[in-house]
Amino acid sequence: MKRRDFIRLSVGFAGVATLPPISAALAQSKAVFKASDVQPPGYPTVAATENLGKKLAAATSGRLSIQMYPSAQLGGEKETIEQTQIGAIQMLRVSAGALGPIVDDVNVVNMPFLFKSIEHSEKMMDGPIGQDLLDRVSANASANLVALCWMNSGARSIYNTKKPIRTVQDVKGLKIRVIGNPIFIDMMNALGGNGVAMGYDQVFSALQTGVIDGAENNLPSYVFSNHYTAAKYYSLTQHLVIPEVLAFSKRAWANLSTDDQTLIKKFAREAQMEERELWKVYEREAMEKARAAGSEIVEIADKAPFQKAVKPVWDKYGPKHQELIKRIQDIA
């Protein structure tokens with residue numbers, strides 16, 4: 001080897017030695033994170049995630065930011081979970097109902113009539129049990145997700161195109177859309193209906209065409225996704241209180257510095273509390289809009305028969321979550 005070639009090669013190796021590690025270089029590079037939500041612009045979960053992005057951009061002088069894709073632009077919940085798992089989407093707001101089939105521990109919050117009230121569910125989210133469940137999602141190797149925080153989604157009730165539901169007998173024979181989770185299919189069947197698993201993005205057209213008779217969801221989803229224009233009867237069964245989860249792709253997370261991860265977690269916790277306040281306002285607006293449009297909001301005088309009807313669901317799914325169920329029910 002000629003001397004000048006040897007010197008050139010030596011200088012090259014010296015230059016490589018002074019380069020920062022690849023992970024460190026990535027941590028300092030500019031990144032725009034794709035965030036997905038099936039809900040429309042202005043929805044509390046969408047607004048809170050967008051505000052998280054604004055805080056992140058301000059704190060990093062624009063190095064890290066979030067581009068929000070609401071209204072299922074990137075797909076329904078099932079499709080966007082899959083995209084987040086492979087890193088094509090970096091941030092995702094998803095119902096615990098859709099997450100349950102992937103991380104079974106989460107199914108504890110999907111049990112019908114588990115929570116005594118919305119306030120009870122908020123105490124779970126804000127306390128050690130809520131953090132424990134988020135940690136279990138993040139630790140699940142096959143999930144490929146980092147669970148950042150919880151978000152409120154109120155209580156879910158049944159709405160339909162046929163008739164007001166006042167008693168459990170009124171559910172009999174109705175085709176009711178549920179999230180694609182075996183717990184919810186079994187729950188609706190136990191109530192006497194026919195549980196139909198279907199993506200949220202398909203519900204409106206299915207109501208219009210009569211593919212389903214109804215669905216079950218919170219009041220803002222019923223109103224602001226226009227389901228109320230097709231299904232007049234909204235009955236306050238309040239059979240489920242399912243929180244939402246804001247998650248990050250584990251593949252993308254691994255490319256962030258520890259400082260950036262800490263920053264995102266901090267802003268996510270703030271988003272959890274901010275979304276809750278936005279939710280309360282949005283829920284009131286939804287009720288006013290539904291009533292003004294002529295929707296019949298049906299109070300349920302006695303929920304005990306509904307609770308009794310879902311006992312087979314508790315018998316089937318409850319035992320494996322017994323420890324977590326007791327911890328949640330013991331929350332003062």
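Leaving aside neighbours within four places in sequence, with which residues is Asn181 in contact? I looked this up and found Gly97, Gly100, Pro101, Asn107 and Asn110, where contact means heavy atoms within 4.5 Å.

**Entry 1: the model and its numbering**

I note that this is a predicted model, in which local features need pLDDT of at least 70 and side-chain atom pairs count only at pLDDT 80 or more, while totals for chains, interfaces and linings use all residues. Residues are numbered from 1 along each chain as its sequence is written, and side-chain values use heavy atoms, with hydrogens and water left out.

I then looked up pLDDT, the predictor's confidence in each residue, from 0 to 100. The mean pLDDT of the protein is 92, and 92% of its residues reach 70 or more. Over residues 1–27, however, the pLDDT is below 50, and this stretch has nine contacts in the model beyond near neighbours in sequence. Where pLDDT is low, the predicted coordinates should not be read in detail.

**Entry 2: the whole protein**

I recorded 15 helices and eleven strands. Helices (H or I, at least four residues) and strands (E, at least two) are DSSP runs, numbered from the N terminus. Taken along the principal axes, the C-alpha atoms fill a box of roughly 90 × 40 × 35 Å.

Of the 332 residues, 51% are buried. Buried means under 20% relative accessible area, exposed means over 50%, and partly exposed lies in between (1.4 Å probe, protein chains only). Among contacts with a separation of 6 or more, residues 24 or more positions apart account for 76%.

**Entry 3: the nonpolar cores**

Which members of the largest nonpolar core touch the most other members? I found Val109, Met124, Leu133, Met188, Leu191, Val245 and Phe306, in a core of 53 residues. A nonpolar core is a set of buried Ala, Val, Leu, Ile, Met, Phe, Trp, Tyr and Cys residues joined through side-chain atoms within 4.5 Å. A second, separate core has 26 residues, including Ala35, Ala48, Leu64 and Phe267. In soluble globular proteins, nonpolar side chains tend to be buried together.

I followed Val245 further. Its contacts, apart from neighbours within four places in sequence, are Leu92, Arg93, Val94, Leu99, Leu134, Ala147, Cys149 and Trp150.

**Entry 4: the cavities**

How many cavities of 30 Å³ or more does a search of the whole structure find? I recorded two. On a 1 Å grid over the protein atoms alone, a cavity is a set of points where a 1.4 Å probe fits but cannot get out, and lining residues have an atom within 4 Å of a point. Grid points are joined across faces, edges and corners, and a volume is the space filled by probe spheres set on the points.

The largest cavity holds about 120 Å³ of space. Of its 15 lining residues, Glu77, Ser95, Arg156, Ile179 and Asn217 lie nearest the centre. By class, this lining has four nonpolar, six polar and five charged residues. Ala, Val, Leu, Ile, Met, Phe, Trp, Tyr, Cys and Pro count as nonpolar, Asp, Glu, Lys and Arg as charged, and the others, Gly among them, as polar.

The second largest cavity holds about 40 Å³. Residues lining this cavity include Ile118, Ser121, Met125, Asn152 and Pro243. Five residues of the lining are nonpolar, four are polar and none is charged.

**Entry 5: single residues**

I returned to Asn181, which is placed in the loop between β6 (175–178) and α8 (182–190). Asn181 counts as buried because its relative accessibility is 1%.

Tyr43 is in the loop between β1 (31–36) and α3 (44–59), and it counts as buried at 0% relative accessibility.

**Entry 6: positive phi**

Most residues other than glycine have a negative phi. I noted that Ser61, not a glycine, has a positive phi of about 55 degrees. Ser61 is in the loop between α3 and β2 (64–69) and counts as exposed at 73% relative accessibility. Phe113 likewise has a positive phi, near 60 degrees. Phe113 lies in the loop between α5 (96–99) and α6 (118–126) and counts as buried at 19% relative accessibility.

Definitions and conventions:
On a 1 Å grid over the protein atoms alone, a cavity is a set of points where a 1.4 Å probe fits but cannot get out, and a pocket is an open set with protein on both sides within 12 Å along at least five of seven lines; lining residues have an atom within 4 Å of a point.
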